[in-house]
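Walk through the model below, starting where its chains meet and moving on from there.

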Amino acid sequence: MFCLRKNVPNALLYPRDCTPGKFVAARVKSIPPSGIRKFFDLVQEMDDVISLGVGEPDFVTPWHIREACIYSLEKGYTSYTSNFGLLELRELISKCFGRDYNVDYNPRNEILVTTGVSEAADIAFRAIIDPGDEVIVPEPCYVSYKPSVYLAGGEPVPVSTDQENAFRVTAEQIEKSITKKTKALVLSYPNNPTGAVMRKGDLEEIADVVNENDLVVISDEVYGKLTYNGTHTCFSSLPRMRDRTIVLNGFSKSHAMTGLRLGYAAGSEELIGAMTKIHQYSMLCAPITAQMGAIEALKNGDGEMQKMVREYDRRRRLVVSGLNKMGLDCFEPEGAFYAFPSIRSTGLTSEEFAGRLLKEQKVAVVPGSVFGDCGEGYLRCSYATSHEELIEALARIKAFIEKL
Amino acid sequence: MKEILEILESDPRIGPKEIGTMVGITEKEAASKIKEMEKKGIIRKYKTVIDWEKAGEEYVYAIIELKVALRERTGYDAIAERIAKFPEVRSVRLISGDHDLSLTVRGKSMKDVAFFVAEKIATLEQVQGTVTHFVLRTYKEDGDVLFEKERSERLAVSP
C-alpha cells in the first residue's frame, strides 16, 4: 500500500499536529544526503536496467556458511553474545591476522566483532575524536567516512588523489595536510571506488609520517582479500604501527555476506576498549547468527573465497580492457571490484554521464563525484556482476558514447 | 591452463578473444592453447545441460548397478568398454561397495529401459546380477541445479 503511494508526501496522507522537521539536530541537517541515494531512486523507476552500480558481490553467501547460520538457529543460538563477540570467532580472526599478515592480536581484548565494518568505522571515529580534531581522509573514498567523522565532532580534511599517481595517497600529501589539530588518518586500500592498492614502500613512508606526527590510523581493509596483483599489506603489520592503528575488516566482500552485517576491528587494548564502550551501549553485540556463519567462513571458507576472487579477476580484465578500447581511459585497478574510468574525453560531468547513460541505455553506474570532489570526471563501474551482463553493459556504454 | 578450463567448464560459448582478455593473454595464444587441449583430449567435448522435461520430451533414466565376474586376463576395462558402446548407456563407472559397475541408461519409457537391461546387459556373460533404480526426478546435473536458480536480491545501486 505504501508502495503505491510512494510519491505522495506523508503530510498529505496524515494530518500533522506540529512540524517535526524542527526537532532534527543542526549537525544532522547540515550533512548532505548521499549522492548515491538520488541514483537509486532513479533506477528504481526503470525496468531492464543493467546495474554496475552495486557495491556488493553478486554471489550469494556460499552455501556452507548459510547452512551454518541455519543450523545455529535450529540449535537455538538466538541469544546475545559477549560485547566483544563470540570468543571462538575472535580467536579465529586473531589466527588469520597472524597467518595472513604476521601481526598478533589478543583475541580477548584486542578484537571487537561489529555489525558490519560501517559500525566499526563509526565507533572508531567516536572513540578517538575530541571536538575540533582533524581527520585526514584521502579521496575518492567510501561515502561514510566524512559524515562519520563530522558526526563524531571532528573535522574531516579531504586529500585528493589522482589517476597520475594511481589514486594512491602519498606521504608528502599527508604531511602537507597536517596541522596542530590533526589527530588521525584514514586509509582505505584496496579502495572503493577506484580499486587502487598501496605498495608496501608507499605505506612505509606514510608510517614514518604517522609516527613523527603522533597520529592514529584507521585502516579500512575490507577489500584486502580482493587484491589481484600480489598480496595485501595490513597497515598494522608495519613496524611501530600496531599500537596506533585500528584495522577494520569484515566478511561482506570476501565471503559475500553483506546483508549479514558482520565486521571487526583490531587494535591495541586501549583503543578497542574505548570502541567497545560505545559498542556495548549502542549495538550491544553483533547478531549471533551472523557470527556463527563467520566462524564457518573462517574455518572452511578459503576455497570458495579464492574461487570468487579468481572470477572477479577475470571480470576485472574484461571490463578494464572493454572500457579502454571504447576510449574511456581506465587505469588498472588492482583490488576491490570496481573500475574507475575517466570520462573527461566526453566533456560531460560524471553526473550528466551517469544520468544520461541510465536514461538512454539503461545502464546504472555511480558518478565518481559522489566519492569526493576529485572523483569528478570519473565513473564507478562495479564488476561484481555476471559475465553476460558485463558484456551487455559494455556494449551499451559503447553505443552511448558513439552517439554523443 | 587451469583458468581457461575453469572458464570453459562454466560456459563453453565464451570465445578465445574474451578468454584471452580474462586471463591476460592474446586472443591467438588463447585459441592455440584451447586447440592444444582439444588435441590432447583434455577438453573432451562441449556440452549443453538440458532440462528435457521442461522441453516436453519424456525421457526415462535409470541407474543400473552391475555385479561382474572377471574373466582371466581381462579386467573391468574390457567389459566396461563393451557396455559403453550402447548409445542407450549414458555413463559407465567402476564403483566401490556391493557392486562393481554403475551405469546410467536413458530410454523412451520404463519398458524400453527395462527391456534394454534385460536383453542387452543382463545377458552379457560376465554380468552376474543387476539392480535397476529408475530416476524419478533430477535435481542437479553435472554441477547445475535444475530447479529455480537463486538470484542475489541486491539493490540496484549501493555504496
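In this predicted model, 23 residues of chain A are in contact with 14 residues of chain B. Which elements give two or more residues to the side of chain A that touches chain B? They are helix H3 (35–44) and helix H12 (302–325) of chain A. H3(A) supplies the largest share, five residues. By class, the side of chain A that touches chain B holds 13 nonpolar residues, six polar ones and four charged ones.

Turn now to H12(A). This helix packs against helix H2 (residues 16–23) of chain B. Two packed helices are described by the angle between their axes and the distance between the axes. For H12(A) and H2(B), the angle is about 110 degrees, and the axes are 7 Å apart. Angles of 65 to 115 degrees count as roughly perpendicular. H12(A) and H2(B) are therefore roughly perpendicular to each other.

Which residues meet there? H12(A) brings A:Arg314, A:Arg317, A:Leu318 and A:Ser321. H2(B) brings B:Glu18, B:Thr21, B:Met22 and B:Val23. Sorted by class, the contact of H12(A) with H2(B) has three nonpolar, two polar and three charged residues.

Next, follow chain B itself. Chain B is divided into domain 1 (2–39) and domain 2 (60–141). How many Å separate the centres of the two domains of chain B? Taken over C-alpha atoms, the centres of domain 1 and domain 2 of chain B are separated by 35 Å.

Chain B also has a sheet to trace. Strands of a sheet pair through backbone hydrogen bonds, either parallel or antiparallel. In chain B, four strands form an open sheet in the order E2-E3-E1-E4, and the pairing is antiparallel. Strand E2 (89–94) and strand E4 (127–134) of chain B are the edge strands. Each of these two pairs on one side only. From one strand to the next, the twist averages 20 degrees.

E2(B) runs antiparallel to strand E3 (residues 101–107) of chain B, and five bridges join the two. B:Arg93 stands opposite B:Ser102 in E3(B).

A helix packs on this sheet as well: helix H4 (residues 76–84) of chain B. What does H4(B) touch? Its contacts are with strand E1 (60–68), E2 and E3 of chain B. The direction of H4(B) makes about 170 degrees with that of E2(B). Angles over 145 degrees count as roughly antiparallel, so H4(B) and E2(B) fall in that class.

Definitions and conventions. Residues numbered from 1 in each chain as written. Chains lettered and ligands numbered in written order. Predicted model: local features only at pLDDT ≥ 70, side-chain atom pairs only at ≥ 80, totals over all residues. Contact = placed C-beta atoms within 7 Å. Nonpolar A, V, L, I, M, F, W, Y, C, P; charged D, E, K, R; others polar. Axes fitted to C-alpha atoms, helices over the stretch in contact; angles between N-to-C directions. Parallel < 35°, antiparallel > 145°, perpendicular 65-115°, else oblique. Domains from an automatic or database assignment. Pairing = 2+ DSSP bridges.
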